[in-house]
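Here are my notes for you to read alongside the model. Keep the viewer open and look up each residue as you go.

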Amino acid sequence: MKKYMLDLKVAANERLHPNYCLLKLRGDEALPEMHPGQFVQVRVEDSPRTFLRRPISINYVDRERNELWLLIQLVGEGTRHLAEARVGDSINVLLPLGNGFTLPNEGDTQKLLLVGGGVGTAPMLYLGACLKAGGFTPTFLLGARSEGDLLQLDAFRAWGEVYVTTEDGSMGERGYVTNHSVLKEKRFDMIYTCGPKPMMMAVARYASAEGIACEVSLENTMACGIGACLCCVEKLKDEHHVCVCTEGPVFNIEKLSWLN
Amino acid sequence: MAELNVNIGNLKLKNPVMTASGTFGYGIEYADFMDISRLGGIFVKGTTIQPREGNPYPRMAETPAGMLNAVGLQNKGADYFAEHIYPQIKDIDTNMIVNVSGSSVETYVECAERIAELERIPAIELNISCPNVKQGGMAFGVTCSGASEVVRAVRKVYPKTLIVKLSPNVTDITEIARAVEAEGADAVSLINTMLGMAIDAEKRRPVLSTITGGLSGPCVKPVALRMVWQTSKAVQIPIIGLGGISSWKDAVEFMLAGATAIQIGTYNFVDPTVSIQVIDGLNDYCERHGFKSVREIIGALEV
Ligand SMILES: Cc1cc2nc3c(=O)[nH]c(=O)nc-3n(C[C@H](O)[C@H](O)[C@H](O)COP(=O)(O)OP(=O)(O)OC[C@H]3O[C@@H](n4cnc5c(N)ncnc54)[C@H](O)[C@@H]3O)c2cc1C
Ligand SMILES: Cc1cc2nc3c(=O)[nH]c(=O)nc-3n(C[C@H](O)[C@H](O)[C@H](O)COP(=O)(O)O)c2cc1C
Ligand code: FES
C-alpha cells in the first residue's frame, strides 16, 4: 500500500479520561485507504525530549467527516504533549503503516471475537466497524482496571455486542478478559487481540488450547516505522527476526515464539 | 541554480547529499515519500558475506535529540543482496553504495569481492566502525594496524571507489584516517555511531539487549563536526561528513569544515523528506552567497 506523509488538522481533542485523549484529525484531501490494525507515525513537535515519531494505532476512520481518530494513552512526554494539541493545530503523520488484521472472506459465517485491554482497545473499534461493514457481527470483549477506564463503549456497541471485565468488578465481570463467561458460553472461530503483552499471551494460550485462530497486535518500540532501521524486530518461531512495523504489527500466533 | 555536483574519487555525485547506511534501508522504503533519485547517493544497509540475525530485541533507546541502536548488522548476506535486492535497486538513477562489514579480514574481502561483481554498484563503504557486533566491526577501526590491514586486503580485490567509514570511538581519528589513506582508500566517511548506554531506572536494567549501543542523531553533531574538521587537515582524500545532520545548515557546516559530501542518517526517521530539503537548501545557500558551485564551500571555513 502506498504510504503518505500528511499534515492533518486537529478537528477535536477529547479528554475521555485523565490519562487518555481522543484526537480527531482531519485531512484537506480525502484520507487514503487504511486497514484496521495498521498504524500511523505521529511527529511530536516542540517537545524537547521527544525526538522520534510516536507509533499510534488507527482507532477509527470517519469517512463522512474525513477524520482519522487516534486514541492516545498519556504515558510519557511525547503522548502528554500530543494531548495538549488544540483544535486547528497541524499534526504531521506517516500513514498507513504495517499490515492490519486478516478479515474473513465475504460470505463466511464466522463468529469473531475482538479482545482489547487498556489502550489496546484502540484498533478494535476500527476493526469492528470494518467487520460490520463487511456483513459480520463482531463480539467485543474489553478489559480494564475499573469502570472509568473503559472508553468509547457507545462507539463499540454500534458495531457489535460488548462484554466487559474490570479488575475491581466495578463494571461487567470481575477479573481478566480470559476469565469471562462468554468464552464458555459461545464458540468463536477467530480471535483478534491487542493490549498489554501478558493479556495477549493469555488470550493466545486460550485460543491455541481451544484450536481457535488468533491474531495479536504487537507494540515493539520503533524508530522509523517503515522497515528501514530494523529496531522493532520480533523473533519468530523459525528463529528469524522480522520487523514489526512492516511484517506486523499484527501477527498470527502460529508464527510467534510466545507459546513455545 | 548553483552547480551542486561533486566528485568523490572517480565517483560523480549530482549533489553532495546522500543517506547513511542502516537508516535508509535500500532506498525503496522511502520511495513513497520522495523522489529518491534526486539524492547524490544512497548507502544501503550494512552487508556481510553470511546472513546475520543481528542482536536480540530491544535494539533501540531514544535520547533527547537522538537515539541509541544495537541492531548488530542484521542482513540476509551478500548473495541474497545480489540476487534479490540488487535487481530492484540497480536502475535507480543515483549512486547505490553498499556498506560492507565483516568479522575477519577474510570475510571483509569475500564480501567486497561479491559486491564488486555488481556492475551498478559504483562504490563500497567499508564499515570498520560498527560498535554493535562482538567480532570485527569496530575492532578493526580503533587501531591503525587493524584499519590498515583490512583496507590493504580489500583494496587488492576492489577496483572501484573504496570509502572507509571511521569510528569516533578512538583517541585520535586523524591517525586512523591517515592509515587508511596510506593503504589506498579513495575517501573516508565519518562518523559512525558513538558508544553509549541507556538504563531503565524503574526496572534497574539496561534498556538495550546488548547493554551498550551506538548513539546517533543531532546530539552527536558537534563531535562529528569537530572530527571532520580535524580529519580534513590530516588527509588529502575527500571526506564524507555525517553525524546528526538534520538541515541544510548542518550540511553547510560540515562542508565548510572540509567535507566534500554529507550523509543524513537518523533524521530520516523524523522527517523522511529531510534530504530533499537539504538539497534545495544547499542550492539556496549558494545562490544567496553568490557561489556558482557548492564546491566553493568545501573547506571554506574562515578561522
Ligand atoms: C504499532 C504500535 C501501535 C501503538 N498504538 C498506540 C495507540 O493506539 N495508543 C497509544 O496510546 N499508544 C500506542 N502505542 C504505544 C505508544 O507508541 C507509546 O506509548 C508512545 O510511543 C510513548 O511515547 P511517550 O513519549 O509518551 O513515552 P516515553 O517517554 O517514550 O515512554 C514512557 C513510558 O512508556 C513506555 N513506552 C514507550 N514506548 C512504548 C511502546 N511502544 N510500547 C509500550 N510502552 C512504551 C516506556 O518504556 C516508558 O516507560 C503503540 C505502539 C506501537 C508500536
Ligand atoms: C538504526 C541504525 C542502524 C545503522 N546501521 C549501520 C550500518 O549497518 N553500517 C554503518 O556503517 N553504519 C550504520 N549506522 C550508522 C549511521 O550510518 C551513521 O553513521 C550514524 O547514525 C551517524 O549519523 P546520523 O547522526 O545522521 O544518524 C546505523 C545507524 C542507525 C541509527
Ligand atoms: S521501526 Fe524501523 S524497521 Fe521497524
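This is a predicted model: local features need pLDDT of at least 70, side-chain atom pairs count only at pLDDT 80 or more; totals for chains, interfaces and linings use all residues.

**Notes on the two chains**

1. Residues are numbered from 1 along each chain as its sequence is written, chains are lettered from A and ligands numbered from 1 in the order in which they are written, and side-chain values use heavy atoms, with hydrogens and water left out.

2. Next, the contact between the chains. It takes 29 residues from chain A and 33 residues from chain B (contact means heavy atoms within 4.5 Å). Together the two chains bury about 2,700 Å², with 59% of that on carbon and sulfur atoms; buried area here is the accessible area, with a 1.4 Å probe, that two parts lose on being put together, summed over both. Which three residues supply more of the area that chain A buries against chain B than any other three? They are Phe51(A), Leu230(A) and His241(A), with 26%.

3. What about charges and polar atoms across that interface? The count between chain A and chain B is 1 salt bridge (a side-chain nitrogen of Lys or Arg within 4 Å of a carboxyl oxygen of Asp or Glu). The side chains of Arg54(A) and Glu62(B) meet in a salt bridge, at 2.8 Å from N to O. Across the interface of chain A and chain B there are also 13 residue pairs in polar contact, both residues at pLDDT 80 or more. A polar contact is a pair of N or O atoms within 3.5 Å; within protein, one must be able to donate a hydrogen and the other to accept it, and residues adjacent in sequence count only if both atoms are side-chain atoms.

4. Now the aromatic rings. The structure holds 11 aromatic pairs over all chains; rings of Phe, Tyr and Trp (its six-membered ring) pair if their centres lie within 6.5 Å, and planes under 30 degrees apart count as stacked, over 60 as edge-to-face and the rest as tilted. Phe51(A) and Tyr267(B) make a tilted pair, 6.1 Å from centre to centre with 55° between the planes. This pair crosses between chains: Phe51(A) is in the loop between strand S3 (39-42) and strand S4 (54-57) of chain A, and Tyr267(B) is in helix H8 (residues 267-270) of chain B. Helices (H or I, at least four residues) and strands (E, at least two) are DSSP runs, numbered from the N terminus. Both Phe51(A) and Tyr267(B) are buried. As for the rings of Phe24(B) and Tyr30(B), their centres are 4.0 Å apart and their planes at 10°, so that pair is stacked. In chain A, ring pairs link Tyr60(A), Trp69(A), Tyr126(A) and Trp159(A) into a cluster.

5. You'll find it in the loop between strand S3 (17-19) and strand S4 (41-47) of chain B. Is Leu39(B) buried or exposed? Leu39(B) counts as buried, because its relative accessibility is 0%. Leaving aside neighbours within four places in sequence, the contacts of Leu39(B) include Phe24(B), Met34(B) and Ile279(B).

6. In one of them, the side chains of Arg114(B) and Asp79(B) meet at 2.5 Å, N to O. Arg114(B) lies in helix H2 (residues 105-116) and Asp79(B) in helix H1 (residues 78-89) of chain B, so the pair ties together parts that are 35 residues apart in sequence. Arg114(B) counts as buried at 18% relative accessibility, while Asp79(B) is partly exposed at 37%. A network of salt bridges links Asp79(B), Arg114(B) and Glu117(B).

7. Last stop, helix H7 (residues 248-256) of chain B. Its buried residues are Asp250(B), Ala251(B), Val252(B), Phe254(B), Met255(B) and Leu256(B). Asp250(B) forms a salt bridge with Lys221(B), their closest N and O atoms being 2.9 Å apart. That pair links distant parts of the chain, with Asp250(B) in helix H7 and Lys221(B) in helix H6 of chain B, 29 residues apart. Both Asp250(B) and Lys221(B) are buried. After H7(B) comes Gly258(B), which has a positive phi, near 125°.

Definitions and conventions. Buried means under 20% relative accessible area, exposed over 50%, partly exposed in between (1.4 Å probe, protein chains only).
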